[in-house]
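Q: Could you walk me through this one while I have it open? I'd like to go from charged pairs to strands, one topic at a time.

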Amino acid sequence: MAPQGASRCQDFEEQGFLLLKGFVSKDECEKMKTRMKDLVEAWDPQSEAPAPFTTDSQQQVQMQGKSDYFLDSADRIHFFIEKTAADKDGKLKDTQKKFQSLNKVGHGLHVLDPVFRDYSQSRKIAELVEELGWKDPVLPQSMYIFKQPAVGGEVTSHQDSSFLYTTPRPTCLGLWLALDKSTTENGCLWARPGSHKEPVRRVFVRNPEHFENGNANATQLVFETLDEKDPAWQWEGKMPEGCEPPSHGLREKGFSPLECEAGDLVVIHGQVDHLSLANTSDKPRETFQLHLVEGPAEGISWSPRNWLQYPPDKTFPSLKKKRKADVLNR
C-alpha cells in the first residue's frame, strides 16, 4: 500500500473519520447538483404527498415512524421536506417553493439514477473502501441532503450504525461528499475523534408491535436502547448543550468541525458520534451521502429489523463485483 494510503488508514483507525481533499472535481459536483435540480423539477409534490423529515428523537419516531412513504423509499427516489415547510397534514404548504422546501432526497439514488449511480459505484469509491479494509462492501443507502440557506435544520448527534445495523458486528461506513463549500456558518459536519471505539448506543428498527402483533395504532418504527451507560448517551439524538455558535459546548465535549470545499469527501466510521448545526446563512450546503456495509461473503448479516429493507427479489449493489469488473476491463 502506498504511503499515502497507509497514512490515511492509520488516521482512520485512530480518529474514526477522514477528510479527503478534492476527492471529486468541481465539475462532478455541478453535474450532481444539476441532476438533482432536474429531478426536483420533475417531482410533483401534490401527487405523492412528501413526508416531513427531522432527526429529533421524539419527532423522528412520530414523523418517520408513521410514514409508509419513508419505509417505501429504500430502493426508490423519494422527496422529504423540512418540517417548517409542511402544513398540519404533513403536506407541502401552498406558499412554499419546491426546491427550497426540501430537506433530502433518498434513499435509492445510487440504484436508480444514472448520474448518482455512476459516482456511487465508481472505481475510486471501490478502491477507497477496499483500502480502508472492507472486503465485501455493499451499498444499502444514498441521500442527497440540502441543508437549505436560512431554513436548513440541525442534525442531532448520532451514530450511522444506529440506522444501518449489521450482525454479528456493526460494519457501516459513511461517505459524505460536499457539493458546496461547508463551513461553521452554513452547517458543516462536527465529529468527535475516537468515538468510533464506543458501542452502538441505540438502533432505529421496525416495531414488532406493529409488524408482528398487528397493532395498527403502534408506530412502525421505534428506537431501542443498546447501551445507555456510555457517557455520550446524555446527548444521543439531541444537540449537546452549548452547541450554538461559537459552539464552545461542542468543543468541550470533544467535537471538531470538519469544514470542506466542494469536492471534498468525509469518510465516517459507523460508530463515530457526529452532528451538524442549522444553516442560518444565505449560502447553500448541499451534500451527497452514501452508506455501505459489509456483505454476506464476510459473514455479515443485514438486520431484518432495520427500517430500510429492499424487496425480497432485490439485493444491495456490490462494490466488490464492480471492482472485479473494472479490473477485468482494464
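Q: To start, which residue forms a salt bridge with aspartate 75?
A: Aspartate 75 forms a salt bridge with lysine 314, and their closest N and O atoms are 2.8 Å apart; a salt bridge here is a side-chain nitrogen of Lys or Arg within 4 Å of a carboxyl oxygen of Asp or Glu. Please keep in mind that this is a predicted model, in which local features need pLDDT of at least 70 and side-chain atom pairs count only at pLDDT 80 or more, while totals for chains, interfaces and linings use all residues. Residues are numbered from 1 along each chain as its sequence is written, and side-chain values use heavy atoms, with hydrogens and water left out.

Q: Where do those two sit in the chain?
A: Aspartate 75 is in the loop between helix H5 (68-71) and strand E3 (77-82), and lysine 314 is in the loop between strand E16 (301-302) and helix H12 (319-329), so the pair links distant parts of the chain, 239 residues apart. Helices (H or I, at least four residues) and strands (E, at least two) are DSSP runs, numbered from the N terminus.

Q: And is aspartate 75 buried or exposed?
A: Aspartate 75 is buried, with a relative accessible area of 8%, whereas lysine 314 counts as partly exposed at 40%. Buried means under 20% relative accessible area, exposed over 50%, and partly exposed in between, with a 1.4 Å probe and protein chains only.

Q: How many salt bridges does the structure hold?
A: The structure holds 16 salt bridges. One of them joins the side chains of arginine 8 and glutamate 131 at 2.6 Å, N to O. Arginine 8 lies in helix H1 (residues 3-15) and glutamate 131 in helix H9, so this pair ties together parts that are 123 residues apart in sequence. Both arginine 8 and glutamate 131 are buried.

Q: Switching to strands, why is E13 largely enclosed?
A: Strand E13 (residues 265-269) is largely enclosed by the rest of the structure because five of its five residues are buried. Leu265, Val267 and His269 point one way from E13, and Val266 and Ile268 point the other way. In a regular strand the side chains alternate between the two faces of the sheet.

Q: Which strands are joined to E13 by bridges?
A: Strand E1 (residues 17-20) is joined to E13 by four bridges, and strand E8 (residues 173-178) by five; both pairings run antiparallel. Two strands pair if DSSP finds at least two bridges between them. Leucine 20 has leucine 265 as its bridge partner in E13, and glycine 174 stands opposite isoleucine 268.

Q: What order do the strands take in the open sheet of four?
A: The order is E6-E14-E9-E12, with antiparallel pairing. Strand E6 (155-158) and strand E12 (256-258) are the edge strands, each pairing on one side only.
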